[in-house]
Amino acid sequence: SVGTSWSADYDKGYSAYHAAVESGDFATALREWRHLAEQGDADAQYYLGLMYMVGQGVPRDLKTGFKWYTLSAEQGNANAQRDLGFMYWKGNQGVKENFKTAVKWSTLAAEQGHDIAQMDLGQHYKHGTGVPRDYKTAVKWYTLAVEQGNARAQYYLGLMYRDGFGVLQDNVYALMWLNIAISSGFDFPTKRRYLLKAKMTPADISAAQELAQECVRKKYKGC
């Protein structure tokens, strides 16, 4: 539905996958997904690939999982594209590290609005993996993910403001985004927030909190 992030759709599908796992009815799930996957259903191909990747209902087989992921991604499934991008980025799940290929798949997913892929792409542009380093483009992709409520991207955007990468350095906005990320359930920034606040005045800390509250009310858009 409009306004629903890809991560929410991913979680919904993943929950359905786990429901099949928890029921113990692997045979039915495998049979139904394989039938649809062989008929060319991109979603079924993705979830069949996932079954092989994690070894649920079938012996773990990374090559077969990769095959189904690729077929799904080539048909435009954004979850498969994002997962392939991550696999090539980190060089895991039996895939050889290849930053350029990682960026290719991440871009395809990000352009479809996949917030996790948008965040990944922001990381590629920030660190110059597979693309020339470009802080402004990193901020662009982080912002798109942030607007969908991606807490980790909120944290990364806060760091960009803290360091003045791709934006004017601004501790108030940095703290605003760290506050939002933590309130969204991502507690990793807690130490960095403490260190940042130690360099700020009480007035600036209060301003950041007010901005964070306003940003949440605006659903993270135009902050």
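Helices (H or I, at least four residues) and strands (E, at least two) are DSSP runs, numbered from the N terminus. This is a predicted model, in which local features need pLDDT of at least 70 and side-chain atom pairs count only at pLDDT 80 or more, while totals for chains, interfaces and linings use all residues. Residues are numbered from 1 along each chain as its sequence is written, and side-chain values use heavy atoms, with hydrogens and water left out.

View 1. Along the sequence the pattern reads α-α-α-α-α-α-α-α-α-α-α-α. The C-alpha atoms fill a box of roughly 60 × 40 × 30 Å, taken along the principal axes. Of the 223 residues, 47% are buried. Buried means under 20% relative accessible area, exposed means over 50%, and partly exposed lies in between (1.4 Å probe, protein chains only). Contact means heavy atoms within 4.5 Å. Among contacts with a separation of 6 or more, 52% link residues 24 or more positions apart.

**View 2. M200 sits in the loop between helix 11 and helix 12 (202–217).** M200 is buried, at a relative accessible area of 11%. Leaving aside neighbours within four places in sequence, M200 is in contact with N171, V172, L175 and I205. T64 lies elsewhere: its C-alpha is 53 Å from that of M200, and the two residues are 136 apart in sequence.

**View 3. Helix 10 (residues 171–183) packs with helix 11 (residues 190–197).** Their angle is about 150°, and their axes are 10 Å apart. Axes are lines fitted to C-alpha atoms, for helices over the stretch in contact; angles run from 0 to 180 degrees between N-to-C directions. Helix 10 and helix 11 are therefore roughly antiparallel to each other. The cut-offs are under 35 degrees for roughly parallel, over 145 for roughly antiparallel, 65 to 115 for roughly perpendicular, and oblique for the rest. Helix 10 passes helix 11 in a left-handed crossing. A crossing is left-handed if the near helix is turned anticlockwise from the far one by less than a right angle, and right-handed if clockwise. On the helix 10 side, the contact is made by N171, A174, L175, L178, N179 and I182. Helix 11 supplies T190, R192, R193, L196 and K197. The contact residues divide into five nonpolar, three polar and three charged. Ala, Val, Leu, Ile, Met, Phe, Trp, Tyr, Cys and Pro count as nonpolar; Asp, Glu, Lys and Arg count as charged; the others, Gly among them, count as polar.

**View 4. Helix 7 (residues 115–127) crosses helix 8 (residues 135–146) at roughly 165°.** The two axes come within 8 Å. Helix 7 and helix 8 are therefore roughly antiparallel to each other. Helix 7 passes helix 8 in a left-handed crossing. From helix 7, the residues in contact are D115, Q118, M119, L121, G122, Q123, Y125 and K126. They meet Y135, T137, A138, W141, Y142, L144 and A145 of helix 8. This set divides into nine nonpolar, four polar and two charged residues.

**View 5. W68 is found in helix 4 (residues 62–74).** W68 is buried, with a relative accessible area of 6%. Beyond its neighbours within four places in sequence, W68 is in contact with A37, E38, Q45, L48, G49 and Y52. The C-alpha atoms of W68 and W177 are separated by 38 Å, and these residues are 109 apart along the chain.

**View 6. A disulfide joins C215 to C223.** A disulfide is a pair of cysteine sulfur atoms within 2.5 Å. By this rule the count comes to one disulfide. The S to S distance is 1.9 Å. The link of C215 and C223 is right-handed, with 95° about the S-S bond. C215 counts as buried, at 1% relative accessibility. C223 counts as partly exposed, at 30%.

**View 7. Q93 has a positive phi, near 55°, in a residue other than glycine.** Q93 lies in the loop between helix 5 (78–90) and helix 6 (99–111). Q93 counts as partly exposed, at 28% relative accessibility.

**View 8. Y220 has a positive phi of about 70° although it is not a glycine.** Y220 is found in the segment after helix 12. Y220 is buried, with a relative accessible area of 19%.
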